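Thanks for making time this morning.

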Amino acid sequence: MSSMLEKRYKAMNVSERYWWKVVVLCFFGWILMYADRTILNPVMGKIGEQFNLNNTQLGALNSIFFLTYAIMQIPFGIAGDIVGRRIVIALGFILFGAGTFLSGIAGGIGILMIYRAITGVGEGAYYGPQYALSGEAIPTKSLTLGTAIINSGMAFGTSGGYLLSSYLVLEKGSHWSLPFFIMSVPTIIVGIMFMFLKERVIKPEDSQKEASEKTQEGIKKEKKSGLSVFKNKNLMCAFLLLFCSIYANFVIITWLPKFLQAERGFEGTSVGFIASLVPWASVPGALLISRLSDKLKKTKMFVYSLVPLALISTFGMAFVTNRTLLILMLILYGLTGKLALDPILVAYVTKNSPKEALGTALSAYNFIGMSAAITAPIVTGWIADKFGSMQAGFYLAAVLLLVGMGIFSLAKDND
């Protein structure tokens with residue numbers, strides 16, 4: 001059995017460096033995904049001026065994107081299993097690039113929302129197929145490292161989008177559409193590059209282990225309904241904490257650049273630079289916290305440490321007026337916010353999920369998280385219109401973090 005699997009593995013002519021190619025390409029995929037989301041945010045004021053929009057309508061531009069993004073993840077995940085992950089990702093990125101380009105030529109708010117919705121559909125093809133593709137290609141012993149490198153693309157993309165848009169539009173005075181035109185080109189190129197990847201790489205150690213487990217378990221394998229996920233108190237507490245965490249994160253990602261301009265007096269490239277402090281701090285923060293969590297294995301301890309600090313920093317962003325203190329609040333959130341909490345919650349969900357329903361649990365986890373990304377932009381925009389300031393939107397995000405921590409206190413620490 002072992003020799004046959006090894007021959008099959010060698011027959012695929014996959015080099016030892018192949019999985020690094022997958023990691024690098026997926027890393028750039030996340031850079032483009034998050035850069036596309038954040039090039040909009042520094043220029044929302046310019047778009048609002050051109051189309052005479054209020055903050056609620058500007059928030060809806062982000063919400064419609066995340067609505068179609070969330071809805072399409074499960075269908076594209078199924079499609080990837082049927083026709084191939086690289087094909088689904090490639091076609092999704094081409095659609096994503098086209099939607100980004102078309103967003104730049106939109107002549108009104110209605111058509112712009114349609115183009116943002118199309119962009120969301122294209123990006124919805126990435127999450128599930130990408131992690132399935134990379135998970136098959138990366139050797140088991142290097143899976144954590146490879147996934148961490150891939151995920152760091154989110155932070156680089158967030159910062160890159162802020163800086164590109166603020167430099168070209170706020171600093172140099174270019175039209176707000178220019179960043180969209182620029183981003184569409186590498187997006188389509190990366191989509192085409194995915195077509196040249198192989199997939200379903202067989203890892204001999206995994207194939208042998210899987211065959212052994214199937215032989216040992218046989219028909220005794222317990223089958224649990226995916227509905228059991230929603231009856232599990234620990235999982236539901238984790239899902240709701242994630243919702244609160246992502247809500248705060250997308251209030252910050254979406255509205256921080258405009259808040260810095262309108263209510264704190266920042267201008268030009270400094271808007272992108274200051275807003276980028278959050279993703280820059282999140283990379284070392286997430287790596288350090290994840291490493292400590294692996295060693296100490298105390299989920300609740302980390303939740304009770306991280307969430308209060310994220311709450312304080314979210315509240316502080318809106319409350320403080322001193323620029324030095326504001327910078328400290330942004331760095332603190334980057335170190336303790338969503339990206340630091342995420343790996344801990346993913347591990348907790350994995351440990352508390354029935355093995356036969358793990359896919360359902362992780363899909364539910366991501367969908368509920370993206371539900372917060374849908375609501376946060378438009379609700380915060382409405383609050384800004386209602387109260388004349390975005391501060392209340394940040395305060396609400398801080399309150400939700402407190403609520404989420406309270407809900408998670410009902411869960412059991414099964415580490």
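Predicted model: local features only at pLDDT ≥ 70, side-chain atom pairs only at ≥ 80, totals over all residues.

Let me start with Asp36, which has a relative accessibility of 0% and therefore counts as buried, where buried means under 20% relative accessible area, exposed means over 50%, and partly exposed lies in between, using a 1.4 Å probe and protein chains only. Residues are numbered from 1 along each chain as its sequence is written, and side-chain values use heavy atoms, with hydrogens and water left out.

What does Asp36 pair with? Its partner in a salt bridge is Arg116, with the closest N and O atoms 3.5 Å apart; by salt bridge I mean a side-chain nitrogen of Lys or Arg within 4 Å of a carboxyl oxygen of Asp or Glu. Arg116 belongs to helix α6 (residues 109-123) and Asp36 to helix α2, so this pair ties together parts that are 80 residues apart in sequence. Helices here are DSSP runs of H or I with at least four residues, strands are runs of E with at least two, and both are numbered from the N terminus. Arg116 is buried as well, at a relative accessible area of 2%.

The structure holds 2 salt bridges, and the other one to show you joins the side chains of Glu123 and Arg37, at 3.1 Å from N to O. Glu123 lies in helix α6 and Arg37 in helix α2, so here the parts tied together are 86 residues apart in sequence. Glu123 counts as buried at 0% relative accessibility, and Arg37 counts as buried at 5%.

Helix α2 (residues 18-39) also packs against helix α4 (residues 55-83), at an angle of about 145° and with the axes 11 Å apart; the axes are lines fitted to C-alpha atoms over the stretch in contact, and angles run from 0 to 180 degrees between N-to-C directions. From α2 the contact takes Trp30, Met33, Asp36 and Arg37, and from α4 it takes Asn62, Phe65, Phe66 and Tyr69, contact meaning heavy atoms within 4.5 Å.

Finally, the whole chain. The protein has 18 helices and 0 strands, and 53% of its 415 residues count as buried. Among contacts between residues at least 6 apart in sequence, 84% join residues at least 24 apart.
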